[in-house]
Amino acid sequence: MEDYQKYKAYRGNVIYSKNKDTLISKENSYILVREGIVKGIFKELPNGFPKENIIDWGNKLIIPGFCDMHVHAPQFLQRGMGMDRELLDWLKTYTYPNESRFKNPNHAREVYSLFVDELLRQGTLHVNIFPSIHYEASEILFEILEQRGLFAFTGKLNMDQNSPEYYVEDTEKSLVDTEKFIQKHQKDGNVKVSIVPRFTITCSEKLLAGLGSLSEKYGVPVHSHMCEAVNTIKVSQELFPDYKNEAEIFYQNNLLGQRPTIMAHCIFMDDEVLKLMKNPNCMAVHCPDATANINAGGIMPVKKLLEMGINLAIGSDIGSGANLSIARGIASTIQHSKIRNMFDSQWDAVTLPEAFYMATRSGGRYFKNVGAFEEGYCFNALVIDDSNMPGEGYTLVERLERFCYLGDDRNIAMRYILEKEILV
């Protein structure tokens, strides 16, 4: 007979993604959890289940925690600044001066603590992070993520060219520090190390090749930007004339698809790039708010990429994005697809199930069993209280949609990571 003293049952209205087209919704049901892992969802509990182990959330929604698959931790302080600038100008005017301040460990600890607090407040329990070039600051970020319990990827940023003198690395030192960081943090745990070349413009071929070798040597995933804006693609082609496109630059240097690879933006991808991105190891991250704020010259063709079977996720891309809410990112993803549809009617708009899937289950594919409530998945969950939104007779899916468009962090009644309550 099963010993249910070791279980907890979380009662509420459960919603999660089965796949990109299907949302599973179960009214007034129990998620049975043991030691942080989901054992199943049931309408009724087994006889003799201890009442003290039932956590009853009543009419509230229980959904998976969100995944923010592209965000710049050092840019937390520059949200909403310079939004009228072109990307490369914005980087030089705001981003590089801001990120250079993370040479100061005290500044890094203060800002990164605020950043992680805000991630949790907004319901982001799984995150893929760009740091700064500074080794000690990157250590601090890793430490804070571990302390707060998030599931995360991060590393030490790499950039050795086309950057201000005050914010650029020596190529060899960048590689040495990166290997040191990998060796220290390549261990079991929910926070994992990644290799983070900023983008092709700021990385020499020697640096990219060296990072690719480290990725292969240690089996470390890669996180960067690709095919982001018309002007960045033009500059990249001038810097790397022997390559057909940015994807080939990464691929030929062992940084695209050989191991798990997360590429932000991916707005302008021709057939050759799409072929490389169809690799199951690759994921493209849509950052709708950032694309709207720092004009890239286009909008990711999300519907097309979903239909092609390319792995997609959503990112806040703070600080060109102005809000860490992935719920807002779900709504923005749908809205952007409608705008794109006006100019490219071949592809329909993105649906709520598709966008929610990107923000949870699909985004979570590089973590260990997160983003859904199937057996064996981590109980990393949000409890949504939408009682401040008047109306009766709505389905659970309609209530979820309304939260994504109307709600904010005040509607998140509880956050769980491996069933541990996370207080903010």
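User: Buried or exposed: what is Asp177?

Analyst: This is a predicted model, in which local features need pLDDT of at least 70, side-chain atom pairs count only at pLDDT 80 or more, and totals for chains, interfaces and linings use all residues. Residues are numbered from 1 along each chain as its sequence is written, and side-chain values use heavy atoms, with hydrogens and water left out. Buried means under 20% relative accessible area, exposed over 50%, partly exposed in between (1.4 Å probe, protein chains only). With a relative accessible area of 12%, Asp177 is buried.

User: Which residue meets Lys173 in a salt bridge?

Analyst: Side chains of opposite charge can pair when their charged atoms come close. A salt bridge here is a side-chain nitrogen of Lys or Arg within 4 Å of a carboxyl oxygen of Asp or Glu. The N to O distance is 2.7 Å, and the partner of Lys173 is Asp177.

User: What separates Lys173 and Asp177 in helix 4?

Analyst: Helices (H or I, at least four residues) and strands (E, at least two) are DSSP runs, numbered from the N terminus. An α-helix has 3.6 residues a turn, so residues three or four places apart point the same way. Lys173 and Asp177 lie four residues apart in helix 4 (residues 171–185), a separation of about one helical turn.

User: How many residues apart are Asp386 and Arg399?

Analyst: Asp386 is buried at 6% relative accessible area. Arg399 is buried too, at 7%. Their salt bridge brings the closest N and O atoms to 2.8 Å. The pair links distant parts of the chain, with Asp386 in the loop between strand 15 (381–384) and helix 13 (396–406), Arg399 in helix 13, and a spacing of 13 residues.

User: Which residues of helix 6 are buried, and how are they arranged?

Analyst: Helix 6 covers residues 230–239, and its buried residues are Thr232, Ile233 and Ser236. Seen down the helix axis they fall within an arc of 100 degrees (taken from the directions from the axis to the C-beta atoms), so they line one face. The face turned away from them carries the exposed Val230 and Glu238. On the buried face are Thr232, Ile233 and Ser236.

User: Which helices do the buried residues of helix 6 pack against?

Analyst: Contact means heavy atoms within 4.5 Å. Thr232, in helix 6, is buried at 1% relative accessible area. Beyond neighbours within four places in sequence, its contacts include Leu87, Leu88 and Glu246. The buried residues of helix 6 pack against helix 1 (87–100) and helix 7 (246–252).

User: What radius of gyration does the protein chain have?

Analyst: The C-alpha trace spans about 70 × 50 × 35 Å along its principal axes. Of the 424 residues, 60% count as buried. The radius is taken over C-alpha atoms, and the globule rule is 2.2 Å times the number of residues to the power 0.38. A compact globule of 424 residues would have a value near 22 Å, and the chain agrees at 21 Å.
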